[in-house]
Amino acid sequence: MGPGETLLAGLLVMVLAVALLSNALVLLCCAYSSKLRTRASGVLLVNLSLGHLLLAALDMPFTLLGVMRGRPPSAPGACQAIGFLDTFLASNSALSVAALSADQWLAVGFPLRYAGRLRPRDAVLLLGCAWGQSLVFSVAALGCSWLGYSSAFASCSLRLPPEPERPRFAAFTATLHAMGFALPLAVICLTSLQVHRVARSHCQRMDIVTLKALMLLADLHPSVRQRCLIQQKRRRHRATRKIGISIASFLICFAPYVVTRLVELVPFLTVNAHWGILSKCLTYSKAAADPFTYSLLRRPFRQVLAGMARRLLKRTLRPGSTHNSSLDLASMVHQVLKRAPRPASTHSSSLDAENDSCLQQTH
């Protein structure tokens with residue numbers, strides 16, 4: 001294994017560890033909080049995190065072995081099963097992100113009617129459509145024997161068939177990426193633009209209120225006025241930054257792999273192995289980035305994590321704290337008893353003195 005493969009293997013190990021830990025935290029938060037899992041967005045997040053967790057646990061380790069060994073798994077039929085999971089989970093991940101963007105647009109654009117427009121059972125139906133579409137492409141690839149070990153990507157996924165089947169495979173690959181990449185990207189961009197428009201209108205209303213308040217309160221200290229203006233600028237850029245991060249993460253993670261797959265179809269072009277593995281690692285990095293983009297960095301999840309941490313600390317500190325307090329109480333009582341006078345001993349000494357005087361008088 002050369003230095004390039006070593007660097008790619010280290011990157012894959014880091015992505016694998018972060019994906020496992022972050023998605024497990026998201027599922028733990030949804031299991032702990034009933035408010036998170038009973039919403040439509042909670043159902044979508046559970047589906048996304050569960051898919052990412054399966055991808056990290058069942059697909060990434062075999063790609064890591066492919067990078068290190070340079071060959072597929074030795075078990076018969078294992079590579080086809082892993083390729084089936086890879087195709088299914090990658091397509092489902094992109095469609096789930098698109099569903100989350102649509103849910104965010106409904107929540108921001110129609111806040112009063114959101115609960116009636118998208119209920120948890122509607123989210124389940126939406127996810128059923130996404131799973132059905134992903135399953136159709138995976139079953140079609142498996143039925144056509146297009147799943148196997150691809151040396152250009154060091155993974156079990158779609159592989160180039162013999163020359164007579166290339167036109168059918170090219171049509172299938174183009175349709176797969178059109179429905180699993182271009183369609184979700186269009187949905188994300190359209191819904192993000194709508195969310196940005198609504199957020200800008202809200203910010204403009206808040207800016208007007210802030211300016212009127214500053215005009216009425218003319219005797220405010222200049223530092224307070226400056227702080228209000230800074231908060232006003234932050235509100236303007238916050239929505240743009242969040243929307244830009246979601247679109248950029250989708251493009252950076254999926255676009256290189258999709259373009260490389262389409263370039264692979266050109267007969268006179270070959271894919272460099274290092275670039276193919278790197279593009280595959282970028283698609284895997286989506287499983288590590290989505291929990292932070294859509295869950296863990298948001299206030300409801302941070303509050304749930306803080307509550308879980310407080311409860312865990314109380315359980316771990318309770319036996320030690322009571323034991324330490326009992327030890328401190330025992331030491332205090334011991335010190336008090338040590339310093340206090342002893343009435344029984346003084347009484348016995350006085351009785352001994354009286355007995356000695358009586359003996360002396362009798363003698």
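Biologist: Is Ala154 buried or exposed, and what is its relative accessible area?
Modeller: Keep in mind that this is a predicted model. Ala154 sits in the loop between E1 and strand E2 (155-158). The cut-off for buried is under 20% relative accessible area. Ala154 falls under it, so this residue is buried, with a relative accessible area of 3%.

Biologist: What is the phi of Ala154?
Modeller: Ala154 is not a glycine. Even so, its phi is positive, at about 50 degrees.

Biologist: And Ser145, is it buried or exposed?
Modeller: Ser145 is found in the loop between H7 and E1. Its phi is also a positive value in a residue other than glycine, near 60 degrees. For accessibility, the cut-off for exposed is over 50%. Ser145 has 53% relative accessibility, so it counts as exposed.

Biologist: Let us step back to the whole chain. How many helices and strands does the protein chain have?
Modeller: Read along the sequence, the pattern is α-α-α-α-α-α-α-β-β-α-α-α-α-α. Of the 363 residues, 37% count as buried. The count for the protein chain is 12 helices and two strands.

Biologist: What share of the contacts with a separation of 6 or more comes from residues 24 or more positions apart?
Modeller: A contact here means heavy atoms within 4.5 Å. Among contacts with a separation of 6 or more, residues 24 or more positions apart account for 78%.

Biologist: Give me one example. How far apart are the C-alpha atoms of Ala19 and Ala288?
Modeller: Ala19 is found in helix H1 (residues 3-32). Along the chain, Ala19 and Ala288 are 269 residues apart. Ala288 is one of the H10 residues in the contact with H1. The separation of the two C-alpha atoms is 4.1 Å.

Biologist: Which residues does Ala19 touch, leaving out those up to four places away in sequence?
Modeller: Ala19 counts as buried, at 0% relative accessibility. It takes part in the contact of H1 with H10. It also belongs to the contact of H1 with H4. Outside its sequence neighbours up to four places away, Ala19 touches Ala56, Met60, Ala287 and Ala288.

Biologist: How do H1 and H10 run relative to each other?
Modeller: The axes of H1 and helix H10 (residues 273-296) come within 9 Å. They cross at roughly 20 degrees, and H1 passes H10 in a left-handed crossing. Angles under 35 degrees count as roughly parallel. H1 and H10 are therefore roughly parallel to each other.

Biologist: Is H1 roughly parallel or roughly antiparallel to H4?
Modeller: The axes of H1 and helix H4 (residues 60-69) come within 9 Å and cross at roughly 170 degrees. Angles over 145 degrees count as roughly antiparallel. That makes H1, relative to H4, roughly antiparallel.

Biologist: How do the residues of that contact of H1 with H4 divide?
Modeller: H1 supplies residues including Ala9, Leu16 and Ala19. H4 supplies, among others, Met60, Leu64 and Met68. The residues divide into 11 nonpolar, one polar and one charged.

Biologist: Now the aromatics. What kind of pair do the rings of Phe88 and Trp131 form?
Modeller: A search of the whole structure finds seven aromatic pairs. In this one, the ring centres are 5.2 Å apart and the planes stand at 75 degrees. Planes over 60 degrees apart count as edge-to-face. So the pair of Phe88 and Trp131 is edge-to-face.

Biologist: Which helices does that pair link?
Modeller: Phe88 is buried, with a relative accessible area of 8%. Trp131 is partly exposed, at 37%. The two residues are 43 residues apart, in helix H5 (residues 78-109) and helix H7 (residues 120-143).

Biologist: What kind of pair do Trp146 and Phe172 form?
Modeller: Trp146 is buried, and so is Phe172. Their ring centres are 5.3 Å apart, and their planes are at 55 degrees, so the pair is tilted.

Biologist: Which residues form one aromatic cluster with Trp146 and Phe172?
Modeller: Trp146 lies in the loop between H7 and strand E1 (147-150), and Phe172 in helix H8 (residues 166-216). Their pair ties together parts that are 26 residues apart in sequence. The cluster holds Trp146 and Phe172 along with Phe137 and Phe169.

Definitions and conventions
Residues are numbered from 1 along each chain as its sequence is written. This is a predicted model: local features need pLDDT of at least 70, side-chain atom pairs count only at pLDDT 80 or more; totals for chains, interfaces and linings use all residues. Side-chain values use heavy atoms; hydrogens and water are left out. Helices (H or I, at least four residues) and strands (E, at least two) are DSSP runs, numbered from the N terminus. Buried means under 20% relative accessible area, exposed over 50%, partly exposed in between (1.4 Å probe, protein chains only). Rings of Phe, Tyr and Trp (its six-membered ring) pair if their centres lie within 6.5 Å; planes under 30 degrees apart count as stacked, over 60 as edge-to-face and the rest as tilted. Axes are lines fitted to C-alpha atoms, for helices over the stretch in contact, and angles run from 0 to 180 degrees between N-to-C directions. Angles under 35 degrees count as roughly parallel, over 145 as roughly antiparallel, 65 to 115 as roughly perpendicular and the rest as oblique. A crossing is left-handed if the near helix is turned anticlockwise from the far one by less than a right angle, and right-handed if clockwise. Ala, Val, Leu, Ile, Met, Phe, Trp, Tyr, Cys and Pro count as nonpolar, Asp, Glu, Lys and Arg as charged, and the others, Gly among them, as polar.
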